[in-house]
Amino acid sequence: MRSRVWIGLTVGALVLGGCAPIASRTSGAAGSASPRPTPESPAATAGATVPTAWTTYTSSRYSYAVDAPTDWTSTPAKRDWPADGESYPDDNAIDKWALPPGNPNWVLMFVLSVAMGAGETPADRLASLDADNARYCHLEHRREVSVAAMTARREDGKCFGSDYIDQVALVNGGRFYFIYLLSGTPFSDTTQATFEHFLSSFQLL
């Protein structure tokens, strides 16, 4: 992996930071996947071509379900997110989807979650996230969006001066969820439209 993202998810200071085809995944501690008919992306960029086949992935570890392109390569989380420490996109505590092999550019979509600390509020968590992002990222276009019928916060920009990111953060049931798109090049209309469908399909279980 050529890029890295630091996004704090520790209780005090926060950090947020090998694959199998998603279509072949059945079940396990990390989650399961099942094919679904091709959906239409509700917020597809005009003229964008999105994947034609999607698979629903269900995470028993982090209690959510999401649609991802069937031909993208998936890596499920193999352990819970750590209480502290530093992690990067190839960490095995996140669910990750990557463009199929052979693409000239790299694009990744991630989902991770961590339990809120004792006495920690959503405002506390977002403030910690903002503090860590300020060290490594230049983010803009902050706005409220609806994800899984809940209000979430979304923003986009660049991290480490070279990695493009579109990130969504939400809190539900005492857990913090972070969903993001990462690429070494500016997002194409197709990449952005694919992420829009990924977000629109996200459901908490």
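Predicted model: local features only at pLDDT ≥ 70, side-chain atom pairs only at ≥ 80, totals over all residues.
**View 1. His141 sits in strand β8 (residues 137-147).** Strands here are DSSP runs of E with at least two residues, helices are runs of H or I with at least four, and both are numbered from the N terminus. What is the phi of His141 near? Phi is near 55° for His141, a positive value in a residue that isn't glycine. Residues are numbered from 1 along each chain as its sequence is written, and side-chain values use heavy atoms, with hydrogens and water left out.

**View 2. Phe160 has a positive phi too, near 60°.** Phe160 isn't a glycine either, and you'll find it in the loop between β9 and β10 (163-172). With a relative accessible area of 30%, Phe160 counts as partly exposed. That label covers everything between buried (under 20% relative accessible area) and exposed (over 50%), using a 1.4 Å probe and protein chains only.

**View 3. β3 and β4 make a hairpin with four residues between them.** The two strands run antiparallel and are joined by six bridges; strands count as paired if DSSP finds at least two bridges between them. One of the links to look for is Thr58, whose bridge partner in β4 is Ala65. In the turn, Ser63 has a positive phi of about 60°. Why is β3 largely enclosed by the rest of the structure? Because five of its six residues are buried. As a handy bit of background, side chains in a regular strand alternate between the two faces of the sheet.

**View 4. Thr55 and Thr70 touch through their side chains, in a polar contact of 2.8 Å.** A polar contact is a pair of N or O atoms within 3.5 Å; within protein, one must be able to donate a hydrogen and the other to accept it, and residues adjacent in sequence count only if both atoms are side-chain atoms. Thr55 belongs to strand β3. Is Thr55 buried or exposed? Thr55 is buried, because its relative accessible area is 2%.

**View 5. Arg61 is in the loop between β3 (54-59) and β4 (64-69).** A polar atom of the Arg61 side chain lies 3.4 Å from the backbone oxygen of Lys78. Arg61 and Asp80 are 19 residues apart in sequence, and their C-alpha atoms are 7.4 Å apart in space. Arg61 itself is partly exposed, at 22% relative accessible area.

**View 6. Arg79 and Asp91 meet side chain to side chain in a salt bridge, 2.8 Å from N to O.** A salt bridge is a side-chain nitrogen of Lys or Arg within 4 Å of a carboxyl oxygen of Asp or Glu, and the count by this rule is 11. Both partners lie in the loop between β5 (73-75) and β6 (95-98), so the pair ties together parts that are 12 residues apart in sequence. Arg79 is partly exposed, with a relative accessible area of 32%, while Asp91 is buried at 14%.

**View 7. Glu196 and Arg154 link helix α2 (residues 189-201) with strand β9 (residues 150-159).** Their side chains form a salt bridge of 2.8 Å, N to O. Since one partner is in the helix and the other in the strand, the pair ties together parts that are 42 residues apart in sequence. Glu196 and Arg154 are both buried.

**View 8. Asp130, Arg142, Arg153 and Glu155 join up in a network of salt bridges.** Look for Glu155 and Arg153, whose closest N and O atoms are 2.9 Å apart. Both of these residues are buried.

**View 9. Now for the whole chain: two helices and 12 strands.** In sequence order the pattern is β-β-β-β-β-β-β-α-β-β-β-β-α-β. There are 205 residues, and 51% of them count as buried. The mean pLDDT is 79, with 73% of the residues scoring at least 70.

Definitions and conventions
pLDDT = per-residue confidence, 0-100.
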